[in-house]
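Try each task before reading its solution.

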Amino acid sequence: MASIFGFVLGQAWNLGWQLPVGVTVSIFIAVLTFTTTIHHYYAVRRHNELQVQPHLILDSKFDSTSKDNFHTYSLSVKNVGLGPAIIDTYSLTIEGKAISDADTVFTEFLRFVNRVIPTRGKAEVQAMYLSNGEAIDKGTEKILFVARWPTEGRSFMQGREIAKQLADEIRFQIKYRCHYERQFSVNRTPTDA
């Protein structure tokens, strides 16, 4: 509407220069409108990108209240962004050993827990592997590792020290992207525990 009004106003106002003022005003208003349109396009595109941008955070927890007479350590990843996080790669090591598939992650984690915690088979574990192409939707939390072991007279602080031993040996990197193909990553190192 503004460009049409400017064109009509510019055509009606002619002062006889080599380039009539009306044409000059028309061109100026058309260029201004074009510039505003391009800026608006990029602002809308950036807004749309932010509407689908994922943001993964790591959550490492230790408690002794989830199950009576058991200590519990859990490690999870949660998408607190606005869009789904599409997993590109998931690199995982437990005690320095690279884990490359879902079939071995549980076995290796169970062996690791049994080495660290002398529970004589009473420890309960869960382990999950993130596959390439898997999506973590907004607001979704994926529990990667859970270990529960009997307190057996251990204090809360002794249980916490065991949890720190577990946490120190689990390292991973998740590379993920949004639907606009922007790349992101999150790393877990022993200092994150």
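**Exercise 1.** How many bridges join strand 5 to strand 7, and in which direction do the two strands run?

*Solution.* Keep in mind that this is a predicted model. Start at strand 7, residues 141-150. Strand 5 is joined to strand 7 by 4 bridges, and the two run antiparallel. Next, look for a facing pair: Ala127 stands opposite Phe145 in strand 7.

**Exercise 2.** Work out the order of the strands in the open sheet, and find which ones stand at the edges.

*Solution.* The order is 1-2-7-5, an open sheet of 4 strands with antiparallel pairing. Strand 1 (56-63) and strand 5 (124-127) each have a single partner strand, so one side of each has no neighbour in the sheet. On average, neighbouring strands here are turned by 10° against each other, direction ignored.

**Exercise 3.** Is Gly81 buried or exposed?

*Solution.* First locate Gly81: it sits in the loop between strand 2 (70-79) and strand 3 (85-94). Its relative accessible area is 12%. Buried means under 20%, so Gly81 counts as buried. Then check its contacts: leaving out residues up to four places away in sequence, Gly81 touches Gln53, Pro54, His55 and Lys138.

**Exercise 4.** Where in the protein is confidence lowest, and where is it highest?

*Solution.* Begin with the whole protein: the mean pLDDT is 84, and 83% of residues reach 70 or more. Helix 1 (residues 2-12) is lowest, at a mean of 57, while strand 6 (residues 135-136) is highest, at 94.

How values were computed: Residues numbered from 1 in each chain as written. Predicted model: local features only at pLDDT ≥ 70, side-chain atom pairs only at ≥ 80, totals over all residues. Heavy atoms only, no water. pLDDT = per-residue confidence, 0-100. Buried < 20%, exposed > 50% of the residue type's maximum accessible area, 1.4 Å probe, protein only. Contact = heavy atoms within 4.5 Å. Pairing = 2+ DSSP bridges. Axes fitted to C-alpha atoms, helices over the stretch in contact; angles between N-to-C directions.
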